[in-house]
Amino acid sequence: MVKQSQLKYLTIIILLCLSSAAESHLTVDFYSKSCPKFLDIVRETITNKQISTPTTAAAALRLFFHDCFPNGCDASVLVSSTAFNTAERDSSINLSLPGDGFDVVIRAKTALELACPNTVSCSDIIAVAVRDLLVTVGGPYYEISLGRRDSRTSKSSLVSDLLPLPSMQISKLIDQFSSKGFSVQEMVALSGAHTIGFSHCKEFTNRVNPNNSTGYNPRFADALRKACSNYKNDPTLSVFNDVMTPNKFDNMYFQNIPKGLGLLESDHGLFSDPRTRPFVELYARDQDRFFKDFAGAMQKLSLYGVLTGRQGEIRRRCDAIN
């Protein structure tokens, strides 16, 4: 016969398990009671930032991808390095992340800490801020499930070789996305993020030299050479990824690629590879389909490797582990 003390102990264990399960459940209304103005505060913050700095949407989108894709959406890319640790943001592939992406998240976190102290995770802020910023530049709206926790670690060594490079062959990109559970079509849809933002000259100048500009429209290649002629002396020189509608989220990126107006080697690869070309052509002619697939892929990415419940923490500052 089970003793009363044993029953009490078992009851406590069951309640703890149920509590843990409840904490691990992400919902769209996660902050409805604990921080009811969460969405309003984020929207006000991103609107003010985007108006003053129109490149913010692209910067935040890239920051979000660089946070989520390597090891999950846990805000680890926001953490600053210390004398004892080199954090993700200081890995070589992250050094070119624009500061405006970091800034908009920090602004939102500061406002939220005043309204709802120690309640909203930095990883939830990034996910919602990016969604809302995309809407401000014409992109699709999609629901974001909330309740993520922030990582307690951030190490540069943990992101090595886990992020796509502009010079990667399509086969390598497909393998990389497949290892994270993304299909070829989802990879192409996410590549549509290049419809906003810019790339530094060093990422493509070797492909637009006079003797070898395969895949580029000749006039476009010539314009790129001129725009980047001084990049070795000024490494900050950059060019818009979409030269036609650089500040609008639309399907122009996919329309550009077949015309030789793609900027990066990976952009050209999407059209030359038979596995990805049909999706480029589909999204070039059907913006609604692109928006639908992009929104679905972003939702999926936002749930990749998330920490919930006791797995992570709510950082008081997004750039420092508690």
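Here are some friendly notes on the structure above, point by point.

1. **Ground rules.** This is a predicted model, in which local features need pLDDT of at least 70 and side-chain atom pairs count only at pLDDT 80 or more, while totals for chains, interfaces and linings use all residues. Residues are numbered from 1 along each chain as its sequence is written, and side-chain values use heavy atoms, with hydrogens and water left out.

2. **Fold outline.** The protein has 12 helices and two strands (DSSP runs numbered from the N terminus: H or I of at least four residues for helices, E of at least two for strands). In sequence order the pattern is α-α-α-α-α-α-α-β-α-β-α-α-α-α. With a radius of gyration of 22 Å, close to the 20 Å from the globule rule for 322 residues, the protein is as compact as a globular protein of that length. For your own check, that radius is taken over C-alpha atoms, and the rule is 2.2 Å times the number of residues to the power 0.38. Along the principal axes, the C-alpha atoms fill a box of roughly 85 × 40 × 35 Å.

3. **Surface and contacts.** Of the 322 residues, 48% count as buried (under 20% relative accessible area; exposed is over 50%, partly exposed in between, with a 1.4 Å probe and protein chains only). The accessible surface comes to about 15,500 Å², and carbon and sulfur atoms hold 55% of that (Shrake-Rupley method with a 1.4 Å probe; for residues, only the protein chains shown count as cover). Among contacts with a separation of 6 or more, 76% join residues 24 or more positions apart, a contact being heavy atoms within 4.5 Å.

4. **Cores.** The largest nonpolar core has 70 residues, and Phe38, Phe64, Leu78, Val130, Leu134 and Met298 have the most contacts inside it (a core is a set of buried Ala, Val, Leu, Ile, Met, Phe, Trp, Tyr and Cys residues joined through side-chain atoms within 4.5 Å). Leaving aside neighbours within four places in sequence, Leu134 is in contact with Leu61, Gly139, Tyr142, Ile196, Phe249, Phe294 and Met298. Apart from this core lies another, of 12 residues, among them Phe204, Val208, Phe220 and Ala221.

5. **Helix α10.** I would take a look at residues 265-272: six of the eight residues of α10 are buried, so this helix is largely enclosed by the rest of the structure. The buried set is Ser266, Asp267, His268, Gly269, Leu270 and Phe271. These residues pack against α6 (170-178), α7 (184-191), α9 (252-256) and α11 (277-285).

6. **Strand β2.** Val239 lies in β2, residues 238-240, and at 12% relative accessibility Val239 counts as buried. Not counting residues up to four places away in sequence, Val239 touches Phe198, Ser199, Cys201, Phe204, Leu224, Ala227, Cys228 and Leu263. The C-alpha atoms of Val239 and Cys228, 11 residues apart along the chain, are separated by 8.3 Å.

7. **Two backbone angles.** Ala75 has a phi near 65°, a positive value in a residue other than glycine. Ala75 sits in the loop between α3 (56-71) and α4 (99-115) and is buried, at 0% relative accessible area. Asn118 also has a positive phi, near 55°. Its loop runs between α4 and α5 (122-136), and Asn118 is partly exposed, at 45%.
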